[in-house]
Amino acid sequence: MVCDQADRESLGLVLSAYEKDTIAARATALGKGGIGIIRISGPDAGRISKALSGRIPEPRYATYTRFSDDRGDTIDEGLLLYFPAPDSFTGEDVLEIQGHGGPVVLDMLLNRVVGLGARHARPGEFSQRAFLNDKLDLAQAEAIADLIESSTEAAARGAIRSLQGEFSALVNQLLSQVIELRVYVEAAIDFPEEEIDFISDESVKGRLEEIQGTLASILEQSREGALLTEGASIVLTGKPNAGKSSLMNLLTGRQTSIVTDIPGTTRDVIGEVLQLDGIPLRILDTAGIRESADQIEAEGVKRAMAAQEEADLVLHLVDASRDSAPADPGSREVIVLNKIDLVDDISRLPADLPRISARTGEGVDQLKAKLKQMLGVAETEGGGFSARSRHLSALRAAHDALADGYHVLTGQQAGELLAEELRACQKHLSEITGEFSADDLLGEIFSSFCIGK
Ligand SMILES: Nc1nc2c(ncn2[C@@H]2O[C@H](COP(=O)(O)OP(=O)(O)OP(=O)(O)O)[C@@H](O)[C@H]2O)c(=O)[nH]1
Ligand SMILES: [Mg+2]
């Protein structure tokens with residue numbers, strides 16, 4: 001009743017069958033290396049192996065052999081590995097050719113394989129096949145891409161946890177709770193003669209509350225996971241000469257931006273990536289905000305404002321030796337008092353604001369701690385899994401559906417509407433692991449992977 005084919009079709013989210021042809025790509029990065037690998041997946045893998053090397057190697061044993069071209073001349077020699085379906089990464093017959101890692105020799109090998117009937121793989125196509133053959137769910141496939149793209153150790157550790165299914169397991173557990181409740185509610189609606197009066201039944205409300213609690217905790221963990229995977233952007237803003245570029249240089253440890261005592265020094269938006277306890281942070285230094293008749297500076301101010309709109313967090317620097325702090329910062333804005341080395345009596349400064357000297361470096365550690373707090377990084381070390389903003393949106397949508405469901409149950413006593421919301425919640429959660437994902441979403445996700453993955 002809950003998750004059958006008709007249900008899927010009514011949602012318009014049927015996975016189309018994919019072409020069962022044989023694909024090939026280099027699996028190692030472009031460039032020169034000791035070893036280069038070409039990966040082949042599909043029904044022709046065995047035949048290609050035979051034509052290339054005269055044999056089909058024993059499954060999962062490394063076999064040293066010669067790879068020959070169509071005239072029988074040797075292209076290279078190396079190892080062949082054969083993984084017959086279904087025990088392979090993609091679930092299809094997979095052949096791995098390990099040759100020497102030169103760009104030309106690998107090209108020759110790949111061309112030979114294509115000449116034998118394989119097709120060049122599209123980006124992410126191996127992972128896509130693994131997904132379609134139920135070797136991985138969508139969140140795991142994304143974790144592969146995230147592992148490869150990780151820019152910090154913490155991000156890599158998070159990605160491997162997601163790849164091993166930690167995140168998916170939490171989502172699936174939640175999903176089965178939702179499905180269970182949905183079955184109960186729909187049964188009560190479909191068979192009123194059974195007289196399950198769930199509206200006045202406190203247990204439905206209790207179960208809803210429990211699911212909401214679990215969802216909130218997964219959402220919290222995923223927010224951190226997404227931060228590890230995707231990082232955050234922080235824009236430095238404030239009046240001219242507040243010390244934005246000085247702070248930029250202090251944080252990056254380099255002379256990234258020009259610092260002078262002339263107000264209006266910075267015009268372009270200058271970006272630099274740095275790590276804060278394993279979180280990739282993109283810091284953007286911008287022009288000081290003021291009215292300016294100078295065309296170049298005015299354009300700089302415009303760009304600075306636009307950067308603020310996009311940022312996860314805005315650090316608003318104030319020259320505490322001259323100005324007082326603005327009274328009502330935005331929700332993503334942190335007021336930072338700078339130049340405290342020039343302030344005679346720092347006890348007169350507002351106590352709750354971070355205070356630093358971008359010149360001496362004083363207070364910068366406290367500022368970093370504040371940033372972590374603002375970004376929502378818990379102090380507990382390690383253990384997190386990676387996630388993406390796509391997962392966050394789905395979790396939030398599921399969360400909203402549950403909240404609406406709770407509302408219609410307790411406010412309007414409307415069982416059918418609750419059932420609808422539970423169904424929506426289930427759909428959103430299923431999008432994470434890919435059970436109910438529309439084809440175009442799948443296409444979009446896998447095409448962002450690199451070729452050979
Ligand atoms: N004493 C002191 N001087 C500072 C501090 N931070 C910055 N300055 C000085 O203030 C002046 C302006 O610094 P910048 O970092 O260029 O300021 P900015 O906010 O980037 O200025 P614009 O790019 O013009 O908007 C320079 O002379 C810096 O050396 C500080 O904490 N203490
Ligand atoms: Mg500047």
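Me: Which domains does the domain assignment give for the protein chain?
Reply: In this predicted model, the assignment gives domain 1, covering 24-128, and domain 2, covering 231-375.

Me: And how far apart do the C-alpha centres of domain 1 and domain 2 lie?
Reply: The C-alpha centres of domain 1 and domain 2 are 52 Å apart.

Me: Switching to helices, at what angle do H7 and H8 pack?
Reply: Helix H7 (residues 166-190) and helix H8 (residues 202-230) pack at about 160°, and their axes are 10 Å apart. Since angles over 145 degrees count as roughly antiparallel, H7 is therefore roughly antiparallel to H8. The crossing of H7 past H8 is left-handed.

Me: Which residues of H7 and H8 meet?
Reply: From H7 they include Leu-170, Val-171, Leu-174 and Gln-177, and on the H8 side one finds, among them, Val-204, Arg-207, Ile-211 and Thr-214. By class, this contact of H7 with H8 has ten nonpolar, two polar and one charged residues.

Me: What about H8 and H12, how do their axes cross?
Reply: The axes of H8 and H12 come within 9 Å and cross at roughly 160°, so H8 and H12 are roughly antiparallel to each other. H8 passes H12 in a left-handed crossing. Among the contact residues are Leu-208, Ile-211, Leu-215 and Arg-223 of H8, together with Leu-392, Leu-395, Arg-396 and Tyr-406 of H12. The contact of H8 with H12 divides into 13 nonpolar, seven polar and four charged residues.

Me: How far apart are the axes of H12 and H13?
Reply: Helix H12 (residues 389-412) and helix H13 (residues 415-433) have axes 8 Å apart and pack at an angle of about 170°, and H12 and H13 are therefore roughly antiparallel to each other. The residues that meet include His-391, Ala-394 and Asp-404 in H12, and Leu-417, Glu-421 and Cys-425 in H13. By class, the residues of the contact of H12 with H13 are 14 nonpolar, four polar and three charged.

Me: Now the ligand: how many residues surround ligand 1, and which are the closest?
Reply: Ligand 1 is surrounded by 24 residues, of which the closest are Gly-243, Ser-245, Ser-246, Thr-266 and Gly-288.

Me: Which helix gives the largest share of that shell?
Reply: Helix H9 (residues 244-252) contributes the largest share of the shell around ligand 1, with three residues.

Me: And how does the shell around ligand 1 split by class?
Reply: The shell around ligand 1 has twelve polar, seven nonpolar and five charged residues.

Methods. Residues numbered from 1 in each chain as written. Chains lettered and ligands numbered in written order. Predicted model: local features only at pLDDT ≥ 70, side-chain atom pairs only at ≥ 80, totals over all residues. Axes fitted to C-alpha atoms, helices over the stretch in contact; angles between N-to-C directions. Helix = DSSP H or I, 4+ residues; strand = E, 2+ residues; numbered from the N terminus. Parallel < 35°, antiparallel > 145°, perpendicular 65-115°, else oblique. Contact = placed C-beta atoms within 7 Å. Nonpolar A, V, L, I, M, F, W, Y, C, P; charged D, E, K, R; others polar. Near = placed C-beta within 6 Å. Domains from an automatic or database assignment. Left-handed = near helix turned anticlockwise from the far one by under 90°.
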